[in-house]
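Here is a note for a colleague opening this model for the first time. The points below go through surface, rings and charged pairs in turn.

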Amino acid sequence: MSSSELSSTTKERPRAPSRAGVGRPPGAFRIGDPISGRSFFLIAVAVFALLFAVWWVATITGWVKPIFLPSPGAVWTKMMELAVDGTLWTDAGISIYRMLVGFLIASALAIPIGIMIGCFKTWEAAIEPFVDFVRYMPVVAFVPLTILWAGTSDIQKFVIIFIGLDSVKRVPTDFVGLGRTLGMSETRILRRIVLPSALPGIWDTLRISLGWAWTWLVLAELVAATSGLGYRIVVSQRYFQTQTIIGYILLLGLLGLITDQSMKALERIFFRYAARH
């Protein structure tokens, strides 16, 4: 066979399909594939709409009795009544105040402790074992003690919300070594290297801790309180006011979602240098 005939045969032979795209799942099921902000928002809204539709159908068709799960309309009407007479705003204001004060006190104490543990092995040996010891004690078990120590005042709610942080330990040791190589003092290494590297992690931990703060707050108000969202839920349970219970639970979820998304938005503003893609 001549070279021209061989070349012609080679050109006519179909090429094997590339295996790069063979067997690849759709983008929605491909690990690590990003989506646009608009798609993220639409998917999130669709999930909430679907859950609302299931709730509405379950109640409007009588599948679930109102005493167990009232309709969305009944819950909305009850929440509007509580908003008009001021009960809703009073309960929400008290709970938000308790959560914020307890969270700020805990953060103000935990961040310096976390920095010391993360930077200095001596402080780590002195503090971390004790912090780990306390961390695995169930918070619920402390509620009776905090009532005994602090009564049912707001101080008891603040104590329950108290938590710890340790994000400074995640700072790469190479960064600190580089600072020492450049002749930087320990104070300057802490200010210019450790804190900028650790702050995004600390902020993310604070965001997660803020969610737990809402949980511990409601726990404290359920057990011992005369006001607040948790207290109103307990009172409503005694009188079988399911509309109020469901409405306040949804309100707590909404408040938690708002604070969480606010923390995420502030993280993108404050720590652009550590943006995660």
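1. Helices here are DSSP runs of H or I with at least four residues, strands are runs of E with at least two, and both are numbered from the N terminus. Leu 51 sits in helix 2, which spans residues 37-60. The model is a predicted one: local features need pLDDT of at least 70, side-chain atom pairs count only at pLDDT 80 or more, and totals for chains, interfaces and linings use all residues. Residues are numbered from 1 along each chain as its sequence is written, and side-chain values use heavy atoms, with hydrogens and water left out.

2. Start at the surface. Ile 35, Phe 40, Ile 43, Val 47 and Leu 51 make up a nonpolar patch there, with about 520 Å² of accessible area together. A patch takes residues with over 30% relative accessible area and no salt bridge; like charges are joined within 9 Å, nonpolar side chains (Val, Leu, Ile, Met, Phe, Trp, Tyr) within 5 Å. Areas come from the Shrake-Rupley method with a 1.4 Å probe, and for residues only the protein chains shown count as cover.

3. Is Leu 51 buried or exposed? It counts as exposed, because its relative accessibility is 55%. The cut-offs are under 20% for buried and over 50% for exposed, with partly exposed in between (1.4 Å probe, protein chains only).

4. Next, the rings. There are 2 aromatic pairs in the structure. In Phe 52 and Trp 55 the ring centres are 6.1 Å apart and the planes stand at 80°, so this pair is edge-to-face. Rings of Phe, Tyr and Trp (its six-membered ring) pair if their centres lie within 6.5 Å; planes under 30 degrees apart are stacked, over 60 edge-to-face, and the rest tilted. Both residues, Phe 52 and Trp 55, belong to helix 2 and are 3 residues apart, about one turn of the helix. Phe 52 is partly exposed at 45% relative accessibility, whereas Trp 55 is buried at 16%.

5. The other pair is Trp 203 with Phe 270. Their ring centres are 5.5 Å apart with planes at 90°, so this pair is edge-to-face. Trp 203 is in helix 9 (residues 186-223) and Phe 270 in helix 11 (residues 242-270), so the contact ties together parts 67 residues apart in sequence. Trp 203 is buried at 17% relative accessible area. Phe 270 is partly exposed at 45%.

6. Now the charges. How many salt bridges does a search of the whole structure find? It finds 3. Each needs a side-chain nitrogen of Lys or Arg within 4 Å of a carboxyl oxygen of Asp or Glu.

7. Lys 78 and Glu 81 form one of them, at 3.9 Å from N to O. Both lie in helix 3 (residues 72-84), 3 residues apart, about one turn of the helix. Lys 78 is partly exposed at 22%, and Glu 81 is partly exposed at 43%.

8. Asp 91 bridges to Arg 232, with the closest N and O atoms 2.7 Å apart. Asp 91 lies in helix 4 (residues 87-119) and Arg 232 in helix 10 (residues 229-238), so the pair links parts 141 residues apart in sequence. Asp 91 is buried at 2% relative accessibility, whereas Arg 232 is partly exposed at 22%.

9. Arg 207 and Asp 260 also meet in a salt bridge, at 2.7 Å from N to O. Arg 207 lies in helix 9 and Asp 260 in helix 11, so this pair ties together parts 53 residues apart in sequence. Arg 207 is buried, with a relative accessible area of 16%.
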